[in-house]
Amino acid sequence: MTENVVSQERTHVDALIVGAGTAGLLAAHELLRRRPHTSLLLVEAGPSLAARLEQPPGGMSGLGGAGLYLGGRLYLGPATLPVLPPVSAPSTLRPILAGDAYQDRARAVDAHFIRLGARSAVRHAPDPRLAEAAARAAALGIEYILSYPTRPLTPEERRSVLARLHAELEQQGAHFAFGWRVVSAARGAAGFTVNLAAEDASGDARRIRTRALVLAPGRYGAEWLVRMAEALGAEVAQLPATFGVRLELPAAAYAPLTDLNPDPRLQMPLTDDAVIKTYATCPGGYVLPITRAGALVASGMPVTLEARRPSTTVAILAQPGVRGAEARWRGGEDLARRLNERVPGRLVVQRREDLRAGQATTAEALAAHSVRPTCAEAVPGALHDIYPAPYWAAFEALLTRIERLAPGVATGDALLYGPAEERFWHFPTSDQLETRIAGLFVAGDAAGQSQGTIQAGVAGTLAGEGVARHLG
Ligand SMILES: Cc1cc2nc3c(=O)[nH]c(=O)nc-3n(C[C@H](O)[C@H](O)[C@H](O)COP(=O)(O)OP(=O)(O)OC[C@H]3O[C@@H](n4cnc5c(N)ncnc54)[C@H](O)[C@@H]3O)c2cc1C
């Protein structure tokens, strides 16, 4: 159900925020703190908190977006804004907030969450078993990325923070439009004209004029953000593609890692301006084809503890820097397209032993394989000849080391799906996240500024500050 807050009469606001995730909510909070009585509309494609709580768990959109509703681990350690990759980056990608200046803002976001009901104590270090796994990984030359200190919020605390934040913003005069999606926007003489479409089957549409526009659509809205920002004339830089395959292996083989941490992020530096890393591990999950940046790619679907299946899937991705992508890692951004051309509309799956033997997997061999493919529509075939040799060398090096942490990972049966790919963009902005288009702000994960709740909250406060200045 859409909400009638987007009435036919409401046609002008001072500021419109797209996305009521952490970045959008904190932008609203900061804007109203600095400029009370601003007429403000937050447009959120997903449901309100009350409606969200009635839905099956796992939805990533709605009040609180992804992390503040679902994850709730507040990482309180050092970070930069935007996120700096572990490899070379374009010269325009500079930290606009780092060190003490970042930490002060992060503490302020945390303090706000505490006022709203966050009670759990900060954990300063991982539990001993996880710390030992990280130490063993380090001894093998693998960085185990852990996020401590962290404040883990219980589901009740997350609900309290979100409910009270929502109520507080409404008391200050903010309006929320849940169930409405911003589909397009255009620049006008005094700001922007924004087009909204109802998410239900009503076919309702609205047009709203705003003096300032904050785009905070989250990681899953990144491609939409790129299209919107480019259409409005903002600068967008694409970072080199992070590419590889998605592995599917017996859950028991990866359990020594996933029993300690469901998504262990392991990363190994390579000498040629690249890293190879595990990404988006789904214990007992399954492989799902999705379209990203115009290509069909293998994604992993996490499942609840009770719904876990016999295999685990994890992507093994090479992330080259801008220099690496012009040299040894050249061509990575074309791999998904080339593999899609070879097998249109389907993913390719190859057995690990066939990869090693340099031969395509046949339908018969796949049917007899011990690991059952969770993506039934993937076509058995060949991946080995399409990826560059440095990728397979790095893949083998990482898996051989992971084998020491989780025996059976490198030596046992496994399936590989391709292509797998992640794309990240960089949006040059002012220190208050304003693009070169006056009044147009980008905030949060979609803009590459954050990869976590507190960081997204910091981005939101910067954008809120910027909007207040812009409105004067
Ligand atoms: C399953 C999961 C668990 C996580 N757990 C943690 C954790 O424990 N700790 C942590 O620090 N981080 C966690 N994260 C990361 C964290 O979710 C993000 O860093 C954070 O949510 C980013 O905030 P955001 O506001 O940029 O985007 P989001 O929180 O994703 O919010 C974006 C919102 O914008 C809306 N939207 C998108 N496009 C439109 C549009 N066109 N019109 C209207 N609305 C739109 C979406 O519906 C969404 O609600 C987790 C992420 C996921 C996916």
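**Note on strands, domains and ligand shell**

1. Strand 17 (residues 348–351) and strand 18 run parallel to each other and pair over two bridges. Strands here are DSSP runs of E of at least two residues, and helices are runs of H or I of at least four, both numbered from the N terminus; two strands pair if DSSP finds at least two bridges between them. Within this pair, Val349 has Pro380 of strand 18 as its bridge partner.

2. The model is predicted: local features need pLDDT of at least 70, side-chain atom pairs count only at pLDDT 80 or more, and totals for chains, interfaces and linings use all residues. Residue numbers start from 1 along each chain as its sequence is written.

3. Which strands stand at the edges of the sheet that holds strand 18? This open sheet has eight strands in the order 4-12-13-16-11-19-17-18, with mixed pairing. Strand 4 (143–144) and strand 18 (379–380) are at its edges; each has a single partner strand, so one side of each has no neighbour in the sheet.

4. The protein chain as a whole has 14 helices and 21 strands. Its radius of gyration is 23 Å, close to the 23 Å that the globule rule gives for 472 residues, so the chain is as compact as a globular protein of that length. (The radius is taken over C-alpha atoms, and the rule is 2.2 Å times the number of residues to the power 0.38.) Along the principal axes, the C-alpha atoms fill a box of roughly 65 × 50 × 45 Å.

5. Among contacts between residues at least 6 apart in sequence, 75% join residues at least 24 apart; a contact requires C-beta atoms within 7 Å.

6. The domain assignment, which is automatic or from a database, gives domain 1 (4–118 + 153–237 + 426–471) and domain 2 (240–422). The C-alpha centres of the two domains are 32 Å apart. Eight residues of domain 1 and twelve residues of domain 2 take part in the contact. On the domain 1 side, six are nonpolar, one is polar and one is charged.

7. Strand 1 (residues 12–18) pairs with strand 2 in the parallel sense over four bridges, and Val18 has Val43 as its bridge partner.

8. Strand 7 and strand 8 (residues 191–198) pair in the antiparallel sense over eight bridges. They form a hairpin with two residues between them, and Ser184 stands opposite Asn195 of strand 8. Trp180 also lies in strand 7; Trp180 is buried, with 26 other C-beta atoms within 10 Å.

9. There are 38 residues around the ligand, and Gly21, Gly65, Gly71, Gly218 and Gly444 come nearest; a residue is near if its C-beta atom lies within 6 Å. Strand 2 (40–44) and strand 7 (180–188) are among the elements that each supply at least two residues of this shell. Helix 1 gives the most, with three residues. The shell divides into 15 nonpolar, 18 polar and five charged residues.

Methods
Nonpolar A, V, L, I, M, F, W, Y, C, P; charged D, E, K, R; others polar. Contact = placed C-beta atoms within 7 Å. Buried ≥ 20, exposed ≤ 12 C-beta atoms within 10 Å, placed from the backbone.
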